[in-house]
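I opened this entry to look up charged side-chain pairs. The notes follow the order in which I checked them.

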Amino acid sequence: METTIKPWGTYTVLFETSTCKVKHIKLNPHSKISLQSHFKRNEVWIVISGKGIAIVEQKVWLIQPNSQITVLAGEKHRLITTKDSLEIIEVQTGVCEEEDILRYEDE
């Protein structure tokens, strides 16, 4: 398993097929992923540690361990951390290509 380093933290792909991908994502404190959407895949985020904010379309959730958020294809979404780091398991279903991303805002 290879870990990819991003400005906001890291992710490791734990499992992958043509229609499913499972990632372990770690966001650093005081960071956020880009506001983005996907055309070909849905995502489910399951928080395993830390606290943060999940934004999907116009809805905002405070998330903590055991929180679960579903993001459907086409929905704008973002994860934000505050003083804590945040670890999630992300399950993607559909066509799971890294290129399937449209960024609206990026840090």
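I began with R41 and E43, whose side chains meet in a salt bridge at 3.2 Å, N to O. The model is a predicted one, and I read the pair on that basis.

I then looked up the exposure of both partners. R41 has a relative accessible area of 4% and is buried. E43 has a relative accessible area of 2% and is buried as well. Both values fall under the 20% cut-off for buried.

E16 is partly exposed at 47% relative accessible area, whereas K21 counts as buried at 3%.

I went on to K23, which forms a salt bridge with E98; the closest N and O atoms are 2.9 Å apart. I noted where each partner sits: K23 is in strand 3 (residues 20-27), and E98 is in the loop between strand 8 (77-94) and strand 9 (102-105). The pair therefore ties together parts that are 75 residues apart in sequence.

K23 is buried, with a relative accessible area of 5%. E98 is partly exposed, with a relative accessible area of 31%.

Last, I looked up how many salt bridges the count comes to. The count is 6 salt bridges.

Definitions and conventions:
Residues numbered from 1 in each chain as written. Predicted model: local features only at pLDDT ≥ 70, side-chain atom pairs only at ≥ 80, totals over all residues. Heavy atoms only, no water. Salt bridge = Lys/Arg side-chain N within 4 Å of Asp/Glu carboxyl O. Buried < 20%, exposed > 50% of the residue type's maximum accessible area, 1.4 Å probe, protein only. Helix = DSSP H or I, 4+ residues; strand = E, 2+ residues; numbered from the N terminus.
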